[in-house]
Amino acid sequence: MRKLKIPLEDVSVKEIFLDCIQNLDDKDALKNCANLIQKDSDVYRQRAPLQLTGFHYQKEFPDGVTGERLKDVYSNTFVSRKKFYNKILFPKDLTECPICDTGELSTLDHYLPKSVVPTLAVTPCNLVPMCDKCNRIKLDRMETEPGRMPFHMYFDDFSQEPWLAVRLVPGEELAAIYEVQYTGDDPIREERMHRHLELYKLKGRFRDKASGEMARNRRNWCRKLARSGEVGLRLDIEDKRISEEEMDIN
C-alpha cells in the first residue's frame, strides 16, 4: 500500500482535456468547459483527500455540453488514445495493484467517480491505477464522511507506520487472520484503515494469499527444519520478514 507519485505533473488538466477533444465534432462546445475543469481539478488537489466531503464541484455546463458528454471524453477518447492513460496506469517501479498488493495493474479508478463529478474525469490525480478486481469492488461509491474515505494513493501515506497485523491460527491448516492494529491517536485515521480493508474485501483476499504462500513453502520449511532445526527455520523466516518490511512495513 505504497504512496504513489502524482502523475503527469508537467502538464495541466486543461491541456490534457483540450488534447483529448481536438478531433471531436463538438470540440468548440467542449472547449468552453476547459476552464471549469481546471478549476475543479485545482480545488480537488488542494482538498484531497479528507476535505473532499465538502467539495462543491461544477454541476452546470455551457450550452451543448452535459456531464454525460464529459464522461464520454474519458471513455471514448482518453482511454482509447492511451497517450495519457498508459502513463498513469503504469508508473515506474509499480507492477502490482497499490490497493491490494496482489493483482496486476489493468485499469484506472476514479477516486471521485466520474458519474458524480464528471469535471474530474480526466484529472490525473483523480485516476488511480489498480487491478480490475479492486476497481469492480469499489464501483462508483461516493463517500461523504471523512472516516469512510478510502485511502488515496496520491495524497495519503499509510506506509510509514505499522497498522496491519496478522494472527496465525493453528489447525489442520494454518489460518491467517488480518486486522487493524493501530497505536496512534487519530480516530478518523483508524476508521479509514478499517474502511480500506472492508471496502476492498482485503481480509479475505490477504488470507487466501497467505494460505497459498504457506502451502507453497510448507515442504521447504520442513526441509529447513530437518536440516537446521527450529532456530534455523526461525532465522530464515525472520530474514524474509525483514526483507519484506523494508519494502512495505505492513
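Mentor: Buried means under 20% relative accessible area. Keep that cut-off in mind; the model here is predicted.

Trainee: Are Phe78 and Tyr85 buried or exposed?

Mentor: Phe78 is buried, and Tyr85 is buried too. For Phe78 the relative accessibility is 2%. Tyr74 has a relative accessible area of 6%, so Tyr74 is buried as well.

Trainee: How many aromatic pairs does a search of the whole structure find?

Mentor: Eight. One of them joins Tyr74 and Phe78: the ring centres are 5.4 Å apart and the planes meet at 25 degrees. Planes under 30 degrees apart count as stacked, so this pair is stacked.

Trainee: Where do Tyr74 and Phe78 lie?

Mentor: Both are in helix H4, residues 67–81. They are four residues apart, about one turn of the helix. Phe78 also pairs with Tyr85, with centres 6.4 Å apart and planes at 75 degrees. Over 60 degrees counts as edge-to-face, so that is the label for Phe78 and Tyr85.

Trainee: Which residues do ring pairs link into a cluster?

Mentor: Tyr74, Phe78, Phe84 and Tyr85.

Trainee: What sits over the ring of Tyr111?

Mentor: The charged end of Lys138, 5.9 Å from the ring centre. The cut-off for that distance is within 6 Å. Arg189 lies over the face of Phe158, 4.1 Å from the ring centre.

Trainee: Is Leu139 buried or exposed?

Mentor: Exposed, because its relative accessibility is 53% and the cut-off is over 50%. Leu139 lies in the loop between helix H6 (132–138) and strand S3 (164–169). From Leu139 to Asp208 is 69 residues in sequence and 23 Å in space, C-alpha to C-alpha.

How values were computed:
Residues numbered from 1 in each chain as written. Predicted model: local features only at pLDDT ≥ 70, side-chain atom pairs only at ≥ 80, totals over all residues. Heavy atoms only, no water. Helix = DSSP H or I, 4+ residues; strand = E, 2+ residues; numbered from the N terminus. Buried < 20%, exposed > 50% of the residue type's maximum accessible area, 1.4 Å probe, protein only. Phe/Tyr/Trp six-rings, centres within 6.5 Å; stacked < 30°, edge-to-face > 60°. Lys NZ or Arg CZ within 6 Å of the ring centre and 35° of its normal.
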